[in-house]
Amino acid sequence: MQLKKLVKNLEDIKSKGFIETIRKGPTAVGYLLEKELGLRETNITIPDIGGRIEIKATRKNTNSLITLFTFNRGVWRMKQKDLINKYGYRDAQGRQSLYATVSAKVNNVQGFFLEIDNDKHLVLLKNAKEDETIAEWSTYVIAGKFMTKLDRLLLILADSKMVDEKEFFHYNEAYILENPTPEKFLEGFNRNELMIDLRMHLKDYGGIRNHGTAFRISEKNLTDLYTKKRRLI
C-alpha cells in the first residue's frame, strides 16, 4: 500500500464518525480498525516510507498500557515455579497464578519492583522480601528488540463513547513514528512510563505456563520513545 492510499483510507474512516465496535475489551479499538482497513495483520508494507510498519490503535485520554514486545528467554535467576507458589494467588480457574504489573518507582502489592543497573546495563526484577535478583534483562537486548520490532509505527488515536452499553470509536488522528533510540527506550523505565507484566501460572500437572514477560508503556507516552513524529490525519 502506498502512503497516499493509506492516508485516503484513514480519512474515509475518519469521515464515518463514531463506529460501533464488534469486540469488547482493550483490544476492541485495534480489532475494529483492522476490519475497517481490510487488514489481517498488525503490520503492512508501505514502500514509499521504507517498508514494513507496525500498526497500533488506541483510545485517547487513557492510561491503558500497550504491549511493545515480550521477552522471557534465559532471564530467570529464581525458579519460576517457586516464584508463582510464593507470590501467586488462586485465579478464577483455580490455578496458582502470578499476573502483575511492575515498575521502577513503586513496589507493587506483591513487593515487586524494577531496578536499573546502568553500570552492568541490566534491568533487574526484584522483590522487597528477596535478597537476590529474581530476573534480569540486558538493556542492549531489550532495546535492540524494541528498535527492531517497532522501528516504524503507525499510531492511530480514537475518541471513544458508550451508548446503551456499547462502545463506539471515532478514529480521527494518525501519526507515523520513526527513529526510536535505545536511550529514549531506557529513559522510559526511569520516568516510570515503561513497565513489565508478569504473566504466568501453574498447570494442573504442576508445569509452568509463561505467556512471556511483556514490556509495556502507557499509550499516551508511546510517542516519547521516538525522535520523529509525522501527522497523517
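Modeller: The structure holds 17 salt bridges. This is a predicted model.

Biologist: What makes Lys166 and Glu20 a salt bridge?

Modeller: Their side chains come to 3.7 Å, N to O. The cut-off is within 4 Å, so the pair counts.

Biologist: Which parts does the pair of Lys166 and Glu20 tie together?

Modeller: Lys166 is in strand β11, residues 166-180, and Glu20 is in strand β1, residues 19-20. The pair therefore ties together parts that lie 146 residues apart in sequence.

Biologist: Why is Lys166 called partly exposed?

Modeller: Its relative accessibility is 44%. Buried means under 20% and exposed means over 50%, so a value in between is partly exposed. Glu20 also counts as partly exposed, at 36%.

Biologist: How do you know that Lys60 and Glu173 form a salt bridge?

Modeller: The N to O distance between their side chains is 2.9 Å. The limit is within 4 Å, so the pair qualifies. This pair links distant parts of the chain, 113 residues apart. Lys60 sits in the loop between β3 (51-59) and β4 (65-70), while Glu173 belongs to strand β11.

Biologist: Are Lys60 and Glu173 buried or partly exposed?

Modeller: Lys60 has a relative accessible area of 22%, so it is partly exposed. Glu173 has 16% relative accessibility, so it counts as buried. The line between these two classes is drawn at 20%.

Biologist: What makes Asp151 and Arg152 a salt bridge?

Modeller: Their side chains meet at 3.7 Å, N to O. Asp151 is partly exposed, with a relative accessible area of 30%.

Biologist: Which residues are linked with Asp151 and Arg152 in a network of salt bridges?

Modeller: Glu178, Lys228 and Arg230 are linked with them in that network.

Biologist: Why is Glu54 called buried?

Modeller: Its relative accessibility is 10%. Buried means under 20%, so Glu54 falls in that class. Glu54 lies in strand β3. From Glu54 to Leu153 is 99 residues in sequence, but 4.9 Å in space, C-alpha to C-alpha.

Biologist: Why is Leu65 called partly exposed?

Modeller: Leu65 has a relative accessible area of 21%. Buried needs a value under 20%, and exposed a value over 50%, so Leu65 falls in between.

Biologist: Where is Leu65, and what does Leu65 touch?

Modeller: Leu65 is part of strand β4. Leaving aside residues up to four places away in sequence, Leu65 touches Thr101, Met195, Arg216, Ile217, Ser218 and Glu219. Touching here means heavy atoms within 4.5 Å. Ala158 is 93 residues from Leu65 along the chain, and their C-alpha atoms are separated by 15 Å.

Biologist: Now the whole protein. How many helices and strands are there?

Modeller: The protein has five helices and 15 strands.

Biologist: How do you know that the protein is as compact as a globular protein of that length?

Modeller: Its radius of gyration is 19 Å. The globule rule gives 17 Å for 233 residues. The two values are close, so the protein is as compact as a globular protein of that length. The C-alpha trace spans about 55 × 45 × 30 Å along its principal axes.

Biologist: How much of the protein counts as buried?

Modeller: Of its 233 residues, 50% do. The accessible surface comes to about 12100 Å², and carbon and sulfur atoms own 46% of that.

Biologist: How many side chains are positive, and how many negative?

Modeller: There are 40 positive and 31 negative side chains. The centres of the two sets lie 4 Å apart.

Definitions and conventions: Residues numbered from 1 in each chain as written. Predicted model: local features only at pLDDT ≥ 70, side-chain atom pairs only at ≥ 80, totals over all residues. Heavy atoms only, no water. Helix = DSSP H or I, 4+ residues; strand = E, 2+ residues; numbered from the N terminus. Rg over C-alpha atoms; globule rule 2.2 N^0.38 Å. Buried < 20%, exposed > 50% of the residue type's maximum accessible area, 1.4 Å probe, protein only. Areas by Shrake-Rupley, 256 points an atom, 1.4 Å probe, with all protein chains shown as cover. Lys, Arg positive; Asp, Glu negative; His and termini not counted. Charge placed at Lys NZ, Arg CZ, Asp CG, Glu CD.
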